[in-house]
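Biologist: I would like to go through this model with you, starting from single residues and ending with the open space. Please put the structure up first.

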Amino acid sequence: MGNIVVLSFVYLIGIGLLLTFNELAYRRLNPEGEITRKFAHFSSVLATVPFPYIFPSHCYILVLALLFAVVLFVTRKGNQLKSIHGVTRKSVGSYLLPLSIYITFLISNISGNKFLYILPMLILAISDPMAAILGINIKAYNGRIKLMGRKLNKTWLGSGAFLVSSFVTSLIALYFHRGAYDLKTFWLALTIGVVCTLAELISWRGFDNLSIPLSAVAVLALFL
């Protein structure tokens with residue numbers, strides 16, 4: 001248990017250093033808030049992928065998630081960490097991210113299947129920032145998607161990038177997990193990519209941080 005507590009502190013320090021670096025880059029280089037926000041999203045979520053191999057109980061993740069949520073709440077109220085909070089759109093995604101990590105880990109921990117956590121986190125870390133950055137920064141031939149006559153706050157390029165990247169990520173991860181590249185690996189990866197893309201498409205105000213990994217968990221639980 002002592003080693004796990006030490007590792008928990010190491011993760012806290014690491015995330016703290018990451019946020020500090022991100023904030024300094026934001027203040028000195030003055031990039032768009034969306035860029036630094038998505039960089040923090042990518043790096044922090046990717047850093048949690050080994051959690052199932054490090055922490056034997058979901059209780060450790062709960063503590064880390066609560067501490068992270070408190071930091072985000074305090075810095076938002078105190079007008080700090082503008083590299084994360086400095087976006088014009090309304091979003092609760094930063095608060096839902098630690099909740100998403102905990103819930104996904106809890107499901108994986110209870111089921112005894114580490115892969116139920118690893119793949120959803122990889123998709124959340126890679127595909128979500130890719131879709132956001134491409135969708136926002138490339139304007140040519142990149143219109144907003146219409147669904148049932150209503151324009152969504154999503155673009156064709158962003159959703160396309162999410163679909164391709166989530167499919168490729170799933171294909172590679174499933175190949176290593178199953179040890180075979182067969183028809184099931186292909187259609188399961190494609191199903192995960194499509195379902196997660198639809199979840200991201202209909203989510204708003206940052207709820208995709210929750211809907212994306214839970215959609216991936218649902219597909220894996222049903223078909224893996």
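Biologist: Is aspartate 208 buried or exposed?

Modeller: This is a predicted model, in which local features need pLDDT of at least 70, side-chain atom pairs count only at pLDDT 80 or more, and totals for chains, interfaces and linings use all residues. Residues are numbered from 1 along each chain as its sequence is written, and side-chain values use heavy atoms, with hydrogens and water left out. Buried means under 20% relative accessible area, exposed over 50%, and partly exposed in between (1.4 Å probe, protein chains only). Aspartate 208 has a relative accessibility of 9%, so the residue counts as buried.

Biologist: Which residues is aspartate 208 in contact with, leaving aside its neighbours within four places in sequence?

Modeller: Aspartate 208 sits in helix α10; helices (H or I, at least four residues) and strands (E, at least two) are DSSP runs, numbered from the N terminus. A contact means heavy atoms within 4.5 Å. With neighbours within four places in sequence left aside, the partners of aspartate 208 are Leu124, Asp128, Lys154, Glu200, Ser203 and Pro213.

Biologist: How many residues apart in sequence are histidine 41 and alanine 125?

Modeller: Histidine 41 belongs to helix α2 and is buried because its relative accessible area is 6%. Not counting residues up to four places away in sequence, histidine 41 touches Leu97, Leu124, Ala125, Asp128, Pro129 and Asn209. From C-alpha to C-alpha, histidine 41 and alanine 125 are 6.7 Å apart in space, while their separation in sequence is 84 residues.

Biologist: What distance separates the C-alpha atoms of isoleucine 118 and valine 217?

Modeller: Isoleucine 118 lies in helix α7 and counts as buried, because its relative accessibility is 14%. Apart from neighbours within four places in sequence, isoleucine 118 is in contact with Val49, Pro52 and Tyr53. Valine 217 is 99 residues away from isoleucine 118 along the chain, and their C-alpha atoms are separated by 9.8 Å.

Biologist: Which element gives the largest share of the lining of the second largest pocket?

Modeller: On a 1 Å grid over the protein atoms alone, a pocket is an open set of points where a 1.4 Å probe fits, with protein on both sides within 12 Å along at least five of seven lines, and lining residues have an atom within 4 Å of a point. The second largest pocket has 24 lining residues, with Leu12, Ile15, Gly16, Leu19 and Phe68 nearest its centre. Two or more lining residues come from each of α1 (2–29), α2 (33–47), α4 (58–77) and α6 (93–111). The largest share is 9 residues, and it comes from α1.

Biologist: What percentage of the residues of the protein count as buried?

Modeller: The protein has 10 helices and 2 strands. Along the sequence they follow the pattern α-α-α-α-α-α-α-β-β-α-α-α. Of the 224 residues, the share that counts as buried is 47%.
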